[in-house]
Amino acid sequence: MSVMPDVPMAAAGVCAGTAIWLLGGPYSGGRRAQLLLAGGGVVGSGPPSWPDLARDLRKIRGRWRPEWWGPVAGLALAVLGASVLPVVAGAAGVPLLRRVRRARQVRRAGERRGDAVIALCAALAGEVRAGRQPGEALQRAARDSGGLGSAQAAVLAAARFGGDVPGALAAAARQPGADGLLGLAACWRVAVDQGAGLAAGLDRLEGALRAERDQRADLRAQLAGARSTAVMLAGLPVLGLALGTALGADPLRVLLHTGPGWGCLLVGGLLEGIGMWWAVRIVRGAEGV
């Protein structure tokens, strides 16, 4: 199959356009208009200063998402291999990488919310021991810890106006990482209905939540080696391509411009995806134990 000479030129044009956009800044026109209207500068007075460029780069870095490295890597391989297949593969991988990133963000947000629930239990126990009523103590503790998340307004309204505080806490526990609020709702119900000590129950609940968090942290540390091994094994095909290129075998031409190479690329990609999915499933299953 003949090599397509237009692909490197198109890729180089895209790279040049991206470089021009980065140097000019995504908001250079808006900034010049603001300077003109505010009397702080003259349009066309010269290139932007280094502080402006640094600010633009920080904005771009803040808007950049890790999944966008897929098309960038595909574009680089397209230039090296003179084929559009890496660009298509990189663009197709963006939704999957975005899903992985969002799942990681949700998991981290859940961990932070779990820590906030533990802090809420400790603060609430301290407020109750200080002699405050449960409703007032909950309002103070929630403002200090933020463990109620987006349901804080509903829970505080129930505590202030004599509503169903355990029900509001149970509803707030549906947030990722806020399972400890179910225990807080049970402690609240027992303390109000049966007159038991709320502070003592909160102390036991805090201890149990801390022990569970420490157990998850220890398990995650033990699985770090398995994660690293899976990542290393996933990167072996890239190492093989690099070694083949160093030996002069030109593996990109074989993979991207021959029928057997396409078959090997398809089968290898499927096996790589299945292997990564299986490794992630094993690790997640171990974490769920």
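Contact here means heavy atoms within 4.5 Å, and in this predicted model that criterion gives Leu184 the partners Leu120, Leu124, Leu169, Leu202 and Leu205, once residues up to four places away in sequence are set aside. Leu184 also belongs to the largest nonpolar core, which has 32 residues, and it is one of those that touch the most other members, together with Leu120, Leu138, Leu148, Leu169 and Leu181. The elements that give two or more residues to this core are helix H5 (85–129), helix H6 (134–145), helix H7 (152–160), helix H8 (165–172), helix H9 (180–194) and helix H10 (198–222).

Helix H10 can be examined for its length and for its buried positions. With 25 residues at 1.5 Å a residue, H10 should span 36 Å, and because its end C-alpha atoms are 36 Å apart, the expectation and the model agree. The buried residues in H10 are Leu198, Ala199, Gly201, Leu202, Leu205, Glu206 and Leu209, and among them Leu202 and Leu205 are contacts of Leu184. As background for reading such a list, an α-helix has 3.6 residues a turn, so residues three or four places apart point the same way.

Gln152, in turn, is found in helix H7, and its relative accessible area of 19% falls under the 20% cut-off, so Gln152 is buried.

Two packed helices are described by the angle between their axes and the distance between the axes. Helix H4 (residues 69–81) and H5 pack at an angle of about 170 degrees, with their axes 7 Å apart; because angles over 145 degrees count as roughly antiparallel, H4 is roughly antiparallel to H5. On the H4 side the contact is made by Gly70, Pro71, Gly74, Leu75, Leu77 and Ala78, and on the H5 side by Pro86, Val87, Gly90, Ala91, Val94 and Leu97. These contact residues divide into nine nonpolar, three polar and no charged.

Definitions and conventions
Residues numbered from 1 in each chain as written. Predicted model: local features only at pLDDT ≥ 70, side-chain atom pairs only at ≥ 80, totals over all residues. Heavy atoms only, no water. Core = buried A, V, L, I, M, F, W, Y, C linked by side-chain atoms within 4.5 Å. Buried < 20%, exposed > 50% of the residue type's maximum accessible area, 1.4 Å probe, protein only. Helix = DSSP H or I, 4+ residues; strand = E, 2+ residues; numbered from the N terminus. Axes fitted to C-alpha atoms, helices over the stretch in contact; angles between N-to-C directions. Parallel < 35°, antiparallel > 145°, perpendicular 65-115°, else oblique. Nonpolar A, V, L, I, M, F, W, Y, C, P; charged D, E, K, R; others polar. Expected span 1.5 Å × (residues − 1).
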